[in-house]
Amino acid sequence: MKRRAFLSGALSAATATLFARRAFAQDAGDAMHGMTDMPAMSGGMMQAQGPLAAADALPAGAPLAALRTLASQSREPGQFRATLVAQPAARALLRGKPQTVFWQYDALDALAATANDGPVIGPLIDVREGDTVEITFVNRLRQPSTIHWHGLPVPPDQDGNPSKPVAPGERHVYRFTLPQGSAGTYWYHPHPHMLSSEQVFRGLAGPFVVRAADDPLAAWPERHLFVSDLKLAADGTIPANGMMDWMNGREGQYVLVNGARQPHIEVVRDERWRVWNGCNARYLQLAFDDGRAFTQVGTDGGLLGAPRGGVTSLLLAPGERAELIVHVGQGASRASLIAAQYDRHKMAMTHGSLPAGPSLILANVGFAPAGAEQSALPSRLRPIAPLISSGSLTVPEKSVVFGEAMDMKAMHAPGASTQPTPRGMRFMVNGAVFDPARVTLASRRGQVEHWTIANGTDMDHPFHLHGTQFQVLARERGGVRKEEELLAWRDTVNVQHGETVHIATVQHEAGDRMFHCHILEHEDLGMMGTLRVS
Ligand code: C2O
Ligand code: CU
Ligand code: CU
């Protein structure tokens, strides 16, 4: 059925009014202003969630906090060994309200520190190409979890697949060696079956950087901006997903950078920034509000072939990362780093699409005037060989099609509202919801393949493939095909509604790899498949 109209007709007059009011409120762009949220899908679909905290209830303007670094317990060169515990951690966020309980990754020896104020974001794992990494994961949550090493070329059985859950109270050792050429900006987060969305929105996610011995930008001052999203109720709790969260992906009233609202950054000389979109569903159209340009030097899987200067806006879909060079000013100046308006065509409850939300301030930045000792950016960063030369493009070997179906009957059936995840909303790959027992696609290791990712829905979905970095070849829409000019290593690419993205990809190890939409609610609801590599 046409999902743009899937709810009309099935609702009581009272509920319809509630939905209509929400639609009106959305039109007024209130999503960021702490009005009443949608009825909750889980725990009572037609029960309204409590009111949200006001959009300015969290303090803003503190200096950008540095991320904690995970210390290695090993003294041996080339060995990184540590323990990561996933457990509840409380933070005093709202004045006069109980502390907010997040779920957090922490080092084992930092248990006393979890009661502190630092960012909830997991500690930075900072290693070098060639290192062997051994992480003992201790699950102190009340639900199964895993750690997935997003974007890293780790063996399939070490990658935190949903088929390998770590039970509450259990521990598990992940072990992998990072090959040459893997330097880049990655992250880690849980990937348990149908629980990834909740575990990430409650705080479980952390950055992972792999460095190359011959990094041409090694001498540059480096800054990390890990962007996350927070929906906070007025009573200080983090509410469960409501129906709109499941449908469009959860977006809270706060976007945080290194765990804080609108931090302040002073740029006194040109800096290398690594930016992560660790939000469940929020798209970040990165820009400065005065239109100033920056330089892009890297994507998910590391440096570009050459710097790309004069960039004034860069889209980071959920899960994506970028490396930027941010330049000091001609004179002293200030600007806001913003997530500019981006229309990803979110679904409305009644019919049609929601309008794009307003642009948001991520951070406020002061720029010093350019000094004398600015280092010049090298004109070449590293060689990138095309996996497939564009001249020899053949018929795609694999086709992935994102689809959606909304079933009103199931959504409103008796008992549907007591399910932990909504009934009747289907997010699919190649016509089917994820089934752990089914292999969706099969590949041979070492074989370079041309895939198409087609988005047959009316909403954008970011495609992510585990275990490798791929290259985007072309994007096709309405019969018009545009070759991709930027040769870059990625593990996540946005696929606009109605768009088909062509990629070249290769897997190097046998085993099962996941691929999915990185709007984590959609992943949990089944927009995921298994690639079996033999
Ligand atoms: Cu970052 Cu399978 O995900
Ligand atoms: Cu991943
Ligand atoms: Cu999606």
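Select Trp 451 to begin. Leaving aside neighbours within four places in sequence, Trp 451 is in contact with Lys 398, Val 400, Leu 441, Ser 443, Phe 463, Leu 465, Val 501, His 502, Ile 503, Thr 505 and Leu 531. Keep in mind that this is a predicted model.

Now widen the selection to the core around it. Trp 451 and Phe 463 have the most contacts inside the largest nonpolar core, which has 37 residues. Next, colour helix α3, residues 243-248. Helix α3 gives this core four residues, its largest share. Then colour by domain. Domain 2 (222-367) and domain 3 (397-533) each supply at least three residues to this core.

Move on to a second core. This one is separate and has 29 residues. Select Leu 225, Val 255, Val 275 and Val 311, which are among them. In soluble globular proteins, nonpolar side chains tend to be buried together.

Now go to the copper ion, ligand 3. Show three side chains: His 461, Cys 517 and His 522. Along the chain, the donors of the copper ion follow the spacing H-x55-C-x4-H.

His 461 sits in strand β27 (residues 461-465), and His 522 in helix α5 (residues 520-524). They are 61 residues apart, so the pair links distant parts of the chain.

Last stop: are these histidines buried or exposed? His 461 has a relative accessible area of 0%, so it counts as buried. His 522 is also buried, because its relative accessibility is 0%, under the 20% cut-off.

Conventions: Residues numbered from 1 in each chain as written. Chains lettered and ligands numbered in written order. Predicted model: local features only at pLDDT ≥ 70, side-chain atom pairs only at ≥ 80, totals over all residues. Heavy atoms only, no water. Core = buried A, V, L, I, M, F, W, Y, C linked by side-chain atoms within 4.5 Å. Buried < 20%, exposed > 50% of the residue type's maximum accessible area, 1.4 Å probe, protein only. Helix = DSSP H or I, 4+ residues; strand = E, 2+ residues; numbered from the N terminus. Domains from an automatic or database assignment. Contact = heavy atoms within 4.5 Å. Donors = N, O, S within 2.8 Å, 3.2 Å for Na, K, Ca; no water.
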